[in-house]
Amino acid sequence: MDEDRRKFLKLAGVAALGIGSASLVKTVNGKERRSGKFPQALEGKRWAMVIDLAKCQEHEGCTLCMNACNQVHNIPHFDDPRHEIKWIWKEPFENALPNQEEDFLEQGVSKGPAVVLCNHCERPPCVRVCPTQATFKREDGIVMMDMHRCIGCRYCIVACPYGSRSFNWQDPHLGLGDINPGYPTRMRGVVEKCIFCEERLAKGKLPACVEACPYGALTFGDLDDPGSKVRKLLKSRYAVRRKVELGTRPGVFYLV
Amino acid sequence: MYDSGKVITGLLAFAVLVTLPFWYTAAGGKGGFRPEPKLAPGLEGKKCVESKAFMRASHMDLLNLWRDEVVRQDLRVHFSPDGRAFEKSLTNTCLKCHSNTGEFCDRCHNYVGVQPYCWDCHMEKKLKGAE
């Protein structure tokens with residue numbers, strides 16, 4: 001008798017699974033539904049950014065790139081540094097590029113600040129530690145955040161050697177002014193960071209910070225394409241990256 | 001059986017009482033309250049991204065699919081069965097037409113007791129006429 005019941009339960013389980021998956025297929029994929037990309041989308045194999053520090057530092061106190069980013073992505077402003085949300089910001093040179101201060105004095109860039117953002121590492125430690133795959137590396141090299149999956153454990157914040165990630169300790173709506181309807185806001189309890197404006201790339205636009213810099217200090221392009229602007233800059237100028245010794249292979253380069 | 005008359009009568013009365021709503025409707029009485037989502041003005045005759053029946057039954061599945069495809073696969077355009085293309089966006093595609101979320105979305109959501117948290121993030125302003 002017991003044996004029979006056991007068999008029955010097994011069978012019922014399998015049947016339920018079958019019915020469940022069948023209905024899933026029916027409701028989600030039952031109809032032929034096609035998806036695609038915008039025809040104007042920018043495609044790359046390894047997106048990267050080159051920052052010309054000398055050009056950037058000519059304009060002391062300039063925050064155009066940061067303002068543009070904050071506006072486009074509905075990034076809240078909180079005065080309390082513990083609640084700060086940062087996607088792109090300035091750090092003193094010795095903090096951004098430690099131990100690289102003394103070598104390149106001809107331009108004097110080690111005296112001023114450096115613009116920092118997520119490095120979109122080729123081997124991102126944040127992705128390795130994320131327990132829910134809320135943060136993941138896309139095929140084009142962008143380290144992406146899926147806010148829907150983030151459970152707020154903050155392992156990624158610990159793992160990131162660049163401090164590129166911020167946690168929403170309180171409702172971000174409290175720190176928002178005008179909301180850009182073109183981009184969602186976030187909720188309390190998720191981690192956020194720069195996503196290389198993947199939502200703009202998908203519509204054929206360059207990242208907001210690159211577009212906002214009138215001095216051409218920020219250059220965006222495909223590292224995999226030898227003819228790209230970033231590759232040309234890297235060929236002609238000396239560039240450093242942040243904490244290369246960690247083996248994360250950052251995608252943000254600094255011309256010094 | 002002791003008191004079979006009372007027991008059976010009682011059981012019958014119980015069965016009738018419990019099924020009363022069904023009898024009431026079957027006898028031509030007006031059914032209970034049903035939510036009636038109201039389209040925003042000017043939407044009559046316009047086509048949604050999928051058929052009305054599909055959207056009514058499966059809009060939540062479609063939205064979940066959109067979410068995953070946009071965020072994780074970078075597929076941002078939805079093609080209707082008749083070939084029309086739409087950006088997959090709750091705020092900028094769905095709510096552009098269905099601007100009266102209070103009368104269109106909340107009525108049913110409240111009735112069936114679901115509280116979708118999509119709008120915690122995906123909205124540009126306070127929902128119009130939220131109930």
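Begin by selecting chain A, which holds nine helices and 11 strands; helices (H or I, at least four residues) and strands (E, at least two) are DSSP runs, numbered from the N terminus. This is a predicted model, in which local features need pLDDT of at least 70 and side-chain atom pairs count only at pLDDT 80 or more, while totals for chains, interfaces and linings use all residues. Residues are numbered from 1 along each chain as its sequence is written, and chains are lettered from A, with ligands numbered from 1, in the order in which they are written.

With the whole of chain A still in view, note that 37% of its 256 residues count as buried, where buried means that 20 or more other C-beta atoms, placed from the backbone, lie within 10 Å of the residue's own. Among contacts in chain A between residues at least 6 apart in sequence, 65% join residues at least 24 apart; a contact requires that the two C-beta atoms, placed from the backbone, lie within 7 Å.

**The open sheet of chain A**

Next select β9, β2, β11 and β10 of chain A, four strands that form an open sheet in that order with mixed pairing; strands pair if DSSP finds at least two bridges between them. Because β9 (218-222) and β10 (239-240) of chain A stand at the edges with a single partner strand each, one side of each is left without a neighbour in the sheet.

Within this sheet, β2 (residues 47-52) and β11 (residues 252-255) of chain A run parallel and are joined by four bridges, with A:F253 as the bridge partner of A:V50. On the other pairing of β11(A), the strand meets β10(A) in the antiparallel sense over two bridges, and A:L255 is the bridge partner of A:A239. Colour β11(A) by its side chains and look at both faces, which are covered: A:V252 and A:Y254 on one side, and A:F253 and A:L255 on the other, are all buried.

**A covered helix**

Move to helix α3 (residues 64-72) of chain A, where A:C65, A:M66, A:C69, A:N70 and A:V72 are buried. What covers these buried residues includes β3 (88-92), β4 (113-117), α8 (208-212) and β9 of chain A. Just after α3(A), select A:N74, which takes a positive phi of about 50 degrees.

**Where the chains meet**

Show both chains, and 21 residues of chain B are found in contact with 21 residues of chain A. On the chain B side, the elements that give two or more residues are α3 (52-73), β1 (77-79) and α4 (90-97), and α3(B) gives the most, with eight residues. A pairing also crosses between the chains: strand β1 (residues 34-36) of chain A and β1(B) run antiparallel, joined by three bridges, and A:R34 stands opposite B:F79.

**Confidence**

Finally, colour chain B by pLDDT, the predictor's confidence in each residue from 0 to 100; its mean is 87, and 92% of its residues reach 70 or more. Over residues 127-131 of chain B, pLDDT stays under 50. Where pLDDT is low, the predicted coordinates should not be read in detail. For the complex, the predictor gives an ipTM of 0.81 and a pTM of 0.80.

Key:
Buried ≥ 20, exposed ≤ 12 C-beta atoms within 10 Å, placed from the backbone.
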